[in-house]
Amino acid sequence: MTQVTIPFDGKPFRLDVPAKNLAEVLSPRPSLCLNDLPTEIERALSHPINQEPMENRVKPSDRVLLVSDDNTRATPVDRMIPPLLRRLNDAGVPDGQISCIMALGTHRYMTDVEMEAKVGPDVFRRIKVFNHEWRNPDALVNLGTSAFGTPLLVNRAVAEATVVIGMGAIVPHHIPGFSGSSKIIQPGICGARTTAETHMLSCEGGGDSFLGQEDNPVRQDMDDMADKVGMQTIFNVVMDPNGGVAGLFYGEMRAAFLEGVTLARKIYGVSYHEVPDIVLANSCPCDLDFWQSHKAQYPAQRIIKPGGTIILCTPAPEGVSPVHTELLDFTAWSADRIKKAYRSGELKNGVAASLAVAWALVREKASVITYSPGIPASDKVRLGHTHAPSLDWAITEALRRQGPDARLTVLTHAPDMLPIGPVQPSVQP
């Protein structure tokens, strides 16, 4: 047996894999983190990428909206916002004209305690900090359609702002290729109908996702929406897999994003060397619920052989989803059936339907066994997965399905990983 350690529920979790079956253990590359984050933040703000410094572009009369990712992400906005406020104040913009919206997408609303922890107590007291109330029609305005014809329903606050700054993290993501930049607008502060159409667009590529493709139809659609609401500036980070900040990218939306993607690919792009029969995909750092941990499936889907078995392991203390509770009624359906049911009006929750399509496409390539203390066995069945009472049981069952000589690859931080390969041996002339 070979012992493998994965980070599970905030602690090291050790599991045994038969040595003859273990193909490889893949993890993001550790990166040198920024030693003096305050100094590096000031340097980034003083030298924007392809843009003039903020204090040269704002007027005292401007209404500034900071758009921050929520508590499902580790972006240290509590460290990033205070220097921004100081520069805005120096340019004559008072705190009363600056606000910060939590870009929830269609996640659950954050509590005041959670918002204060996200932005820091001082910022929470100084400026208005509030949730994107995506369930409230009065909080949204209709800006027509995007260049791709997507209906653009967006939070009223961004339509009323004169300066919009997006704050988030850049990491490989199965829907727009990479997170960050314009993703903070869509789905961050858009209505559910807008998000449903964008997510459905991400499923049109067939059986695989746009993971790791920085230029694709979804990213183009998101960028167009960000243009329409006037977000010209982003302040994004690339995080080290251990939670430190590896890079800061502040400036013009597209240029800053592309520089961040370069670093994110270096850290999270991982070469694999064979196509495995089994992939054990660990959900760290997206552990809150299956609505987050489902991201572990797509790197596994990318590398596994057709007909293989994916072992998904996630703590998921909030279960499948505390918000989209109806999705378990249809998640075990085929991708084609879900799409047709949504287009016919049978399914009303387009956001849940679109993710269910992506989950179905994974199952149509490989069966899924899920080990999760937070997801009841009955809910795993309704996801179309096999319930695993333990991780050892899951490995034994996967080997039973795939055969005694099956090869197993472990992805220790699957949601953030971008598999590249397999590496082909060089051919000698």
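Counting rings of Phe, Tyr and Trp (its six-membered ring) as a pair when their centres lie within 6.5 Å, this predicted model has seven aromatic pairs. Phenylalanine 290 belongs to helix α9 (residues 290–293) and tryptophan 359 to helix α12 (residues 350–363), so the pair ties together parts 69 residues apart in sequence. Helices here are DSSP runs of H or I with at least four residues, strands are runs of E with at least two, and both are numbered from the N terminus.

A quick word on the ground rules. Residues are numbered from 1 along each chain as its sequence is written, and side-chain values use heavy atoms, leaving out hydrogens and water. Because this is a predicted model, local features need pLDDT of at least 70 and side-chain atom pairs count only at pLDDT 80 or more, while totals for chains, interfaces and linings use all residues.

That pLDDT is the predictor's confidence in each residue, from 0 to 100. The chain averages 93, and 97% of its residues reach 70 or more. Over residues 424–429, though, the pLDDT is below 50, and this stretch has zero contacts (heavy atoms within 4.5 Å) beyond near neighbours in sequence.

Now the strands. Two of them pair if DSSP finds at least two bridges between them. Here are two such pairs:

| Strands | Direction | Bridges | Facing residues |
|---|---|---|---|
| β1 (residues 2–8) and β2 (residues 11–17) | antiparallel | seven | proline 7 and proline 12 |
| β4 (residues 64–69) and β9 (residues 163–169) | parallel | five | valine 67 and glycine 166 |

In the hairpin of β1 and β2, two residues lie between the strands, and aspartate 9 takes a positive phi near 55°. β4 and β9 belong to an open sheet of six strands, ordered β6-β5-β4-β9-β12-β13 with mixed pairing. Its edge strands, β6 (128–131) and β13 (245–252), each pair on one side only.

What about helix packing? Helix α6 (residues 192–202) and helix α7 (residues 217–228) pack at about 155°, with axes 8 Å apart. Axes are lines fitted to C-alpha atoms, for helices over the stretch in contact, and angles run from 0 to 180 degrees between N-to-C directions. That makes α6 roughly antiparallel to α7, a label for angles over 145 degrees. Among the residues that meet are Thr194 and Leu201 in α6 and Val218 and Met222 in α7.

Definitions and conventions: Parallel < 35°, antiparallel > 145°, perpendicular 65-115°, else oblique. Phe/Tyr/Trp six-rings, centres within 6.5 Å; stacked < 30°, edge-to-face > 60°.
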